[in-house]
Amino acid sequence: MNRHAKSVWNTLASLKLTILNLVLLMALVIMCTVAQVNLGTYGAVHKYMRSYWIWWNLPGTDYSLPVFPGGVIVGSLFVANLVIAQISRVKLSWRKIGLWISHAGLILLVSAEFISAVLQVDAQLTVEEGQT
């Protein structure tokens, strides 16, 4: 592995990146929760968690600026960080099985949300009174 690739690998495996991802995810959860008042549940989740960037509309113009990474970027970076850190730092052994299981659970949780967001279909079923 060349020096540049090793530097990128070490950055993606760093504990500092893990902490940054967790702080960004907590901020996204708080912003999404507060935004549910005006946007509703689905609107807030779409704007904050299922977007690449959170945009701020400049008042009086048609322009928008990206002001915060969205859930797609933060979640993808978090999964990459967990996988690379797990591969490079933790040896597979029975003594470390709890660590492997907890990291695998986090990876599965974030990956399943991404798959759910991509594949989900929203629909309504109308059932009239007296129908089954």
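Which side chains meet in a salt bridge? The side chains of E113 and R50 do so, at 3.0 Å from N to O.

## Basis of the report

This is a predicted model, in which local features need pLDDT of at least 70 and side-chain atom pairs count only at pLDDT 80 or more, while totals for chains, interfaces and linings use all residues. Residues are numbered from 1 along each chain as its sequence is written, and side-chain values use heavy atoms, with hydrogens and water left out.

## The salt bridge

The structure holds one salt bridge, defined as a side-chain nitrogen of Lys or Arg within 4 Å of a carboxyl oxygen of Asp or Glu. E113 belongs to helix α4 (residues 97-119) and R50 to the loop between α2 and β1 (53-57), so the pair ties together parts that are 63 residues apart in sequence. Side chains of opposite charge can pair when their charged atoms come close.

Both partners are described by relative accessible area, where buried means under 20%, exposed over 50%, and partly exposed in between (1.4 Å probe, protein chains only). E113 is partly exposed at 36%, and R50 is partly exposed at 28%.

## Strands and hairpin

Helices (H or I, at least four residues) and strands (E, at least two) are DSSP runs, numbered from the N terminus. β1 pairs with strand β2 (residues 64-69) in the antiparallel sense over five bridges; strands count as paired if DSSP finds at least two bridges between them. N57 has S64 in β2 as its bridge partner, and I54 has F68 in β2.

The two strands, β1 and β2, form a hairpin with six residues between them. In the turn, G60 has a positive phi of about 80 degrees.

## Largest pocket

The largest pocket has a volume of about 710 Å³. On a 1 Å grid over the protein atoms alone, a pocket is an open set of points where a 1.4 Å probe fits, with protein on both sides within 12 Å along at least five of seven lines; lining residues have an atom within 4 Å of a point. Grid points are joined across faces, edges and corners, and the volume is the space filled by probe spheres set on the points.

The lining of the largest pocket comprises 24 residues, of which M49, R50, E113, F114 and A117 lie nearest its centre. Two or more lining residues come from each of α2, α3 (71-89) and α4. The largest share, eight residues, is given by α4.

M26 is placed in helix α2 (residues 15-49). Together with L15, I19, L22 and V23, M26 forms a nonpolar patch on the surface, with about 470 Å² of accessible area in total. Such a patch takes residues with over 30% relative accessible area and no salt bridge, and joins nonpolar side chains (Val, Leu, Ile, Met, Phe, Trp, Tyr) within 5 Å. The areas come from the Shrake-Rupley method with a 1.4 Å probe.

Helix α2 also contains Y48 and M49. Y48 is buried, with a relative accessible area of 11%, whereas M49 is partly exposed at 24%. M49 and P69 are 20 residues apart in sequence and 9.5 Å apart in space, C-alpha to C-alpha.

V83 lies in helix α3 and is partly exposed, with a relative accessible area of 31%. V83 and L12 are separated by 71 residues in sequence and by 9.3 Å in space, C-alpha to C-alpha.

How values were computed. Patch = residues over 30% accessible without salt bridge, like charges linked within 9 Å, V, L, I, M, F, W, Y side chains within 5 Å.
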